Structure formats: structure tokens, C-alpha cells
Amino acid sequence: MRTMQLLTPHVYWAQRRGEIFLRVDLSDAKNLNISVEENTLQFRGQGHGAKGENEYKFSLEFREPVRPEVSHRSTQRQVDIRVRKQSEHWWDRLTQQEKKPLFLAPDFDRWLTESDVEMELKNKEEERINSIRVESRVPKDPFLGVKRGYLFMYNLVQFLGFSWIFVNMTVRLFILGQDSFYDTFHSTADMMYFCQMMAVLEVVNPLLGLVRTAFLPALLQVTGRNVILFVIFGCLDEMQNKAVVFFVFYLWSCVEIFRYPFYMLGVVGTEWKLLTWLRYSLWIPLYPLGTIAEAVAVVQSLSLFDETLMFALPLPSLLGGSLSFSYSLRLYLILMFLGKKKHFIQPFSTSLNT
């Protein structure tokens, strides 16, 4: 078994006004013992140095006082040591002795003179001043406060509206059980009408440049919901007593009670991490479930539109009869799934476009 020799490693140094940096050329170092005692740094450890795998040791008595705390980091290639100076100023040399130790050399990768540091600080200060000047030349929007106030209030009102729907339906579900499924429309439709009419503003906001979202996704989302609410549920009395109304309204409100406060806080530059997680995590299961519930409502309404001929398109006398609105809904069903797939990947927002 080979006996390890006690050798001195190559050490490279550099400085800043308040710190000393040492790089010990010792790879795969282990059993390190590094300390500063009486202004002298003591180093001892095992590793692979210039003369192979051995034990290495050195000491450095610093030119001026340093703090006793020392930090180090060992990598596969080297050991990095950082020592804080007692007072922040530039040293003319590292060690107390004028003659530099043979194992010590400048770390040219990190080497800077005092003038280099001053120039670096000066350049950073100039960059900061230039950035302030550029920002000052950018014209400020005089209506920014009004826009933020409008978007904040819009999201707040929608949040309160959908929260009322969610709480109302939840309480009725606990009290009445499944019986609450069949009178959901009559107990919550007025508030849902209000919220969905307000949602038309989400189509207007992108056109006015108030939000970052694209116009088309917002249009598809709002139009799709309003077709379900106003055309299928609102116009067909037979649909209003079906259980599917409960699931559509409940899934809509579950999504919106997290989406609207998320955007409301975004308007004022605030983020609540739990709310952010809920907004994007619950979206994943709730959005496709809502799409399925909407599709069930459309399918259940097809036969009713065929029977009542509501919104049917009259045909020329040669063709006879009329074209049922159900054919339009079948086409809508296809477009709905295509639009929902795209919208699921890129949901629209109602945050300020700044």
C-alpha cells in the first residue's frame, strides 16, 4: 500500500475590494480542513494534485487583517475558497511576506486591478442611468390608472357573481341532494345571465388593447357559453329542468372563481402562489369536463329543436318543409370541440396589457 506524501498544491488568487478568492488546484478533494487563525489561512486535504493522489497542505499569512469566517466549495476540478477582508480596500499584495510563495500565482481568469473594478462599476452605473433615461423618454399612458381600475373592477364583479352561483348551488346540493339538479336554472339563471352578458367585455377588451389575449380565443369562449346559456337553456323550457344544467353551471363557476381573482391580482402586480397553482391545475380537469357537459346539453337539445322547429330555416316550396336548427347545432358541436382544443392549450386572460 502506497504511503501518501504531504505536498503543497498550486494555489491561484484574485481580489476585490472586500474579498479574497483562492483557487486550489486539487481535484476530487476530500477530508478538507480549512480555517483562518491569527490572520493565517490553514489548508489541509486529500486529492489529486500536480503529483497525483496525495495529501496536500499550505498556509498563507495575509497582508492585512481578514475575518475569521471562511467559505469554500469543492468541485471535481478544484477547491474554491473565499475570505472576507476586515476593511474594504485594495491590497498591494496578498501575503505578509514581500516575497511571493512559490506555490502561489495570480488567478488571471478572475484577476482585476483596482482601476478595472472602478471602470466596471462606472460602466454599470452608466448603464443604470441610461436605462432610467430611456424609461423617462417612453411616454406614459395617462389613462393607465383608469384602465387598471376598470379591469380590476370587472374581474372583481365577475368573481363575486360566479362565487354567488357556486355557493348557492353548493348549499342547495347539500340541503336538497339530487333534487337540486332539476331546479338549478330557475335558482341561478338570472345571475348567470348577468355574468355571461358581462363576459362580452372580454371580446371587446382585446380590440381596445386593454389585455394581451388574442381576439379569436375570447370570441370562441364567450360565444360558445352564450349559445349554451341563451339559446339552448334560455329558449327551451324542457332543457331548463334537466340535470345537465347543474353540471354546466357548476363546472363554469368552479373555473371562474379561481380565474377571475387570479387576473384581478395580476392587474395590481400581485401574485398569490397558491391561487396561481389552483388556477392552472384545476383548469386541466375542469375545462374538458365543462366541454363534455356542454356537448351533452347540445345533444339533448337536438330532438327538441326538431320537434318544436324553433329557429328553423324555411325552405323554398319546391323543397318543402324547413331546415331544423338542430343541423346548425351539429355543426356547432364539431366547431366547439375544435375551438375548445385550441383554447385549452392557450387560455385567454383578462390582465392589463402593459
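The questions and answers below go through a predicted model, from its overall make-up to one residue.

Local features are taken only at pLDDT of at least 70 and side-chain atom pairs only at pLDDT 80 or more, while totals for chains, interfaces and linings use all residues. Residues are numbered from 1 along each chain as its sequence is written, and side-chain values use heavy atoms, without hydrogens and water.

Student: How many helices and strands does the protein have?
Tutor: Helices (H or I, at least four residues) and strands (E, at least two) are DSSP runs, numbered from the N terminus. On that basis the secondary structure comes to eight helices and 11 strands.

Student: Which strands stand at the edges of the open sheet of five strands?
Tutor: Two strands pair if DSSP finds at least two bridges between them. The open sheet has mixed pairing and the order 7-8-3-2-9.

Student: Which residue stands opposite Arg-73 in strand 8?
Tutor: Strand 7 and strand 8 (residues 79-85) pair in the antiparallel sense over six bridges. The residue in strand 8 opposite Arg-73 is Asp-80.

Student: Which residue takes a positive phi in the hairpin of strand 4 and strand 5?
Tutor: Strand 4 (residues 27-37) and strand 5 (residues 40-49) run antiparallel, joined by seven bridges. Glu-37 stands opposite Thr-40 in strand 5. The hairpin has two residues between the strands, and the one with a positive phi near 50 degrees is Glu-38.

Student: Is helix 6 roughly parallel or roughly antiparallel to helix 7?
Tutor: Axes are lines fitted to C-alpha atoms over the stretch in contact, with angles from 0 to 180 degrees between N-to-C directions. Helix 6 (residues 244-267) and helix 7 (residues 273-308) pack at about 150 degrees, with axes 8 Å apart. Angles under 35 degrees count as roughly parallel, over 145 as roughly antiparallel, 65 to 115 as roughly perpendicular and the rest as oblique. Helix 6 is therefore roughly antiparallel to helix 7.

Student: Why does Leu-329 count as buried?
Tutor: Leu-329 lies in helix 8 (residues 325-345). Buried means under 20% relative accessible area, exposed over 50%, partly exposed in between (1.4 Å probe, protein chains only). Leu-329 counts as buried because its relative accessibility is 2%.

Student: Which residues is Leu-329 in contact with, leaving aside neighbours within four places in sequence?
Tutor: Contact means heavy atoms within 4.5 Å. Ser-301 is 28 residues from Leu-329 along the chain, and their C-alpha atoms are separated by 8.9 Å. The residues in contact with Leu-329 are Ile-232, Val-298, Ser-301, Leu-302 and Phe-305.
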